[in-house]
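Hi,

Here is the structure I promised to pass along.

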Amino acid sequence: MQVILGASGQIGRELAIQLKREFTSEIRLVSRRPHKVNDTDQLQSADLLDAGQTLRAVEGAEIAYLTAGLPMDTRRWVVEWPIIMRNVLDACAANGARLVFFDNTYMYPQTSDPQTEDTAFQPYGAKGKVRAAIASELLDSMERGRVQAMICRAPEFYGPGKTQSITNSTVIDNLRAGRTAKVFLRDDTLRSLIYSPDASRAMALLGNSPGAYGQTWHLPCDDDRLTYRQFIELAAEIFGVEGRYTLLKRWQLALAGVLSKQARDAAELLPRYEANNIFVSDKFKSRFPDFRVTTFQQGLSAIRDEARGNTST
């Protein structure tokens with residue numbers, strides 16, 4: 001049995017598809033209101049903030065994938081993420097389940113230095129600090145032999161379906177709707193973006209590779225990095241729209257923060273848009289040379305084709 005904790009998000013849904021396609025039909029989807037992705041999926045309602053419910057969700061599992069997400073709410077992140085990680089670690093230790101944790105890069109320095117699995121944590125802001133804390137707690141549990149686990153870390157993602165990311169919400173969704181895209185601070189810095197189905201495919205592969213445990217892995221993305229200007233030009237060409245965009249300055253974003261709590265909660269991420277973002281996934285690509293990484297051309301074309309299919313149904 002392989003269990004997905006936080007299965008209702010896009011990463012969890014795509015992970016369920018890939019696990020069924022390549023590895024197992026014994027899949028349990030866990031969230032507060034789970035829905036089947038595959039016909040054979042087992043569903044279990046659970047709140048990961050509840051230790052008992054988390055323990056029962058992991059019962060009988062060989063592998064548990066933690067793909068849960070929280071809204072961009074700083075207070076909730078600070079309060080809830082440590083509880084979720086503690087409950088999941090306790091549940092995996094009690095049940096002898098291996099843990100695969102889907103992580104982000106908020107704990108890394110927001111500089112142009114290349115990011116590898118060995119990059120030291122240097123978080124900026126409360127959300128980065130709590131992500132560094134829970135990743136450190138997991139690494140400590142791995143080192144002490146309390147759980148057999150791995151960290152699968154991804155940069156910002158873009159993708160089809162209900163993918164939730166800044167790039168999707170400010171660029172892709174606007175262009176597809178014929179609106180003006182929005183870009184934070186600079187349009188000339190290089191961005192590392194991972195196609196969300198690639199993240200799930202890679203995580204399924206790692207989770208089912210016994211030798212991959214006890215390590216941190218950077219999930220694979222297209223190394224042909226683009227600036228947002230180039231990304232918008234390519235997306236506009238593929239979508240068949242005009243590539244209009246507005247460059248939002250720091251004062252404009254600060255003003256938005258006065259009016260919007262969501263904008264205030266996202267403010268700590270802004271420095272990442274002032275510098276090149278170089279996320280390096282050479283370790284994964286060397287270990288799994290046959291894994292085909294989706295290019296920006298392919299990913300944006302798939303998003304276009306999905307939108308056309310949704311329109312026609």
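Let's start with Leu 43, which counts as partly exposed because its relative accessibility is 42% (buried is under 20% relative accessible area, exposed is over 50%, partly exposed is in between, with a 1.4 Å probe and protein chains only). Leu 43 sits in strand 3, residues 42-45 (strands are DSSP runs of E, at least two residues, numbered from the N terminus). Setting aside neighbours within four places in sequence, Leu 43 is in contact with Leu 29, Pro 34, His 35 and Lys 36 (contact means heavy atoms within 4.5 Å). Its C-alpha is 20 Å from that of Lys 162, 119 residues apart along the chain.

A word on the source: this is a predicted model, where local features need pLDDT of at least 70, side-chain atom pairs count only at pLDDT 80 or more, and totals for chains, interfaces and linings use all residues. Residues are numbered from 1 along each chain as its sequence is written, and side-chain values use heavy atoms, with hydrogens and water left out.

Next, Thr 216 in strand 11, residues 216-218. Thr 216 counts as buried because its relative accessibility is 11%. Beyond neighbours within four places in sequence, Thr 216 is in contact with Glu 117, Leu 139, Ile 151, Arg 153 and Lys 283.

Cheers

Key: Helices (H or I, at least four residues) and strands (E, at least two) are DSSP runs, numbered from the N terminus.
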